[in-house]
Amino acid sequence: MHQPHILVVDGMALLFRSFFATAMSNQFFYNEQGLPTNAVQGFARHVLTARSIFTPSHVVITWDKGMHTFRNELFEGYKINRPAPPQEMIPQFDMAQELSAQLGWVNLGVVGMEADDTIASVTKKWEGEGKFTIVSGDKDLLQLLTPDVSIEFTKKGFSIYDSYHLERFREEFGIEPHQFPDVKAFMGDSSDGYPGVKGIGPKTALQLIQAYGSVDGVLAAKEELKPGQRKKIEEAGELLAISKQLAVIRNDVPIEVELNDLYWEAVPYTAKEFCESNGYKQVLRQLL
């Protein structure tokens, strides 16, 4: 028996990517029910293409479940600057998960957690039992890299990826993946809306972790830092610790399925009929 190869897909990332790739030119691909299908179809086509490129034995799709997560409890400004999804996108969240299930893929997501946390929990649950390929656009996932976990970041179209494995990460950053949240703690994340340390950018943040190993290591060596850096860190106060908490992806989400449930050999014969009746013409063409 070959070692399982599990394709772990960030469903939300692919759904948003597919929506905006076509919405810019007003291509919503309405079906007979008057519902837009651009995000749903793009998402499914992306996963089908990824499956043909990476040839996994198992497939799982992860989702955010609601806008409010435990990170909003930690920091009220978390993702506050993100606009609400466009109206045409709203029905497609449920539609995508329904199509995903019809195509034979397992959907996973837990209320109060993000897709990232579910992805980490999947790789943790079956650690040592197989290899994992994560498909996403979210660089925060770099902290999950191991000898058995690689990440394919969406780059262009359905088939061009920026591939990260453990060796590339070490060469590029000069730290270990688990130290990546410490870097994020100093530099912050404008897209997620948390500040880090004001005045410390990505380059300095990385240098600090390369030199001192962690947020705690930097704080313990504060007297060695340049006066300007020390002042910025002192002014940040507890925001530094909060930023670190926000940057760490959790791997303790309950995964209520077995590895065998993720095994995926072929599209079920009923999926074509489902795509026909729901106006998923582009997906249907890819299935034929």
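A salt bridge is counted where a side-chain nitrogen of Lys or Arg lies within 4 Å of a carboxyl oxygen of Asp or Glu. Side chains of opposite charge can pair when their charged atoms come close. The model shown above is predicted, so local features need pLDDT of at least 70 and side-chain atom pairs count only at pLDDT 80 or more, while totals for chains, interfaces and linings use all residues. Residues are numbered from 1 along each chain as its sequence is written, and side-chain values use heavy atoms, with hydrogens and water left out.

With that rule in hand, one can begin with Glu172 and Arg168, whose side chains meet in a salt bridge at 3.0 Å, N to O. Both residues belong to helix α6 (residues 166-173), where they are four residues apart, about one turn of the helix; helices (H or I, at least four residues) and strands (E, at least two) are DSSP runs, numbered from the N terminus. Glu172 has a relative accessible area of 41% and is partly exposed, and Arg168, with 23%, is partly exposed too, where buried means under 20% relative accessible area, exposed over 50% and partly exposed in between (1.4 Å probe, protein chains only).

The structure holds 10 salt bridges, and another of them joins the side chains of Lys184 and Asp140 at 2.2 Å, N to O. Lys184 lies in helix α7 (residues 180-187), whereas Asp140 sits in the loop between β4 (131-136) and β5 (149-156), so this pair ties together parts that are 44 residues apart in sequence. Both Lys184 and Asp140 are buried.

A further salt bridge links the side chains of Arg250 and Asp252, at 3.1 Å, N to O. Arg250 is partly exposed at 30% relative accessibility, and Asp252 is partly exposed at 47%. Elsewhere, salt bridges that share partners join Asp140, Lys184 and Asp189 into one network.

Two other residues complete this walk through the structure. Pro254 is found in the loop between α11 (238-247) and α12 (270-277), and it counts as partly exposed at 46% relative accessibility. Although Pro254 and Tyr269 are 15 residues apart in sequence, their C-alpha atoms are 31 Å apart in space.

Thr133, in turn, lies in strand β4 and counts as buried, at 6% relative accessibility. Leaving aside its neighbours within four places in sequence, Thr133 is in contact (heavy atoms within 4.5 Å) with His5, Ile6, Leu7, Val8, Phe54, Ser150 and Glu152.
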